[in-house]
Amino acid sequence: MVGLIHTVLTWNVTRWRRSLKISLGSDGNENLERASRAHANNAEYAPLLLILIGVLDYMSASNYFLIPMASIVVVARMLHGYGLGFTDGSVLFYRFVGTLLPLLVMLILSIGALLIVFGVV
């Protein structure tokens, strides 16, 4: 699912670049800049979150814990990508929730990994 989100965000950047005939940078175009940042943000956060989920799965963390965390990541990435890459930015809700949730999931997953490593759970 995260790969599909990334593909859509990539398509959005490509769409703006082709329509504006800008091959590098944004040339000051806000729509292209927003689409590029949505794509880059996903490229920055999604891999680390997926790695954390994979590590916890390898460490035998409960699926009752991992599946909701992974679901939150997918929803949050969709919200952030939509709010930043497909709107004019006037509605901050999508970006706010799409930014806050992955950070919380990252914190929870990191704490979960430490608890498993130190034998607390």
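Visitor: Is Arg37 buried or exposed, or partly exposed?

Guide: Arg37 is partly exposed, with a relative accessible area of 34%. Buried means under 20%, exposed means over 50%, and partly exposed lies in between (1.4 Å probe, protein chains only). This is a predicted model, where local features need pLDDT of at least 70, side-chain atom pairs count only at pLDDT 80 or more, and totals for chains, interfaces and linings use all residues. Residues are numbered from 1 along each chain as its sequence is written, and side-chain values use heavy atoms, with hydrogens and water left out.

Visitor: Which residue forms a salt bridge with Arg37?

Guide: Glu44 does, and the closest N and O atoms are 3.5 Å apart. A salt bridge needs a side-chain nitrogen of Lys or Arg within 4 Å of a carboxyl oxygen of Asp or Glu. Side chains of opposite charge can pair when their charged atoms come close.

Visitor: And Glu44, how exposed is that?

Guide: Glu44 is partly exposed, at 47% relative accessible area.

Visitor: How many salt bridges are there by this rule?

Guide: The count is one.

Visitor: New topic. What elements does the chain have?

Guide: Four helices and zero strands. From the N terminus on, they run α-α-α-α. Helices (H or I, at least four residues) and strands (E, at least two) are DSSP runs, numbered from the N terminus.

Visitor: What does the C-alpha trace span?

Guide: About 55 × 25 × 20 Å along its principal axes.

Visitor: How much of the chain is buried?

Guide: Buried residues make up 35% of the 121 residues. One of the helices, H3, covers residues 63–85 and holds His80.

Visitor: Is His80 buried or exposed?

Guide: His80 is buried, with a relative accessible area of 4%.

Visitor: What does His80 touch?

Guide: Leave out residues up to four places away in sequence, and His80 touches Asn41, Gly85, Tyr94, Arg95, Gly98 and Thr99. Contact means heavy atoms within 4.5 Å.

Visitor: What about Val117, buried or exposed?

Guide: Val117 is exposed, at 55% relative accessible area. Val117 sits in helix H4, residues 93–117.

Visitor: Which residues form the nonpolar patch on the surface?

Guide: Leu107, Ile111, Leu114, Leu115, Val117, Phe118, Val120 and Val121, with about 810 Å² of accessible area together. Patches take residues with over 30% relative accessible area and no salt bridge; like charges are joined within 9 Å, nonpolar side chains (Val, Leu, Ile, Met, Phe, Trp, Tyr) within 5 Å. Accessible areas come from the Shrake-Rupley method with a 1.4 Å probe, and for residues only the protein chains shown count as cover.
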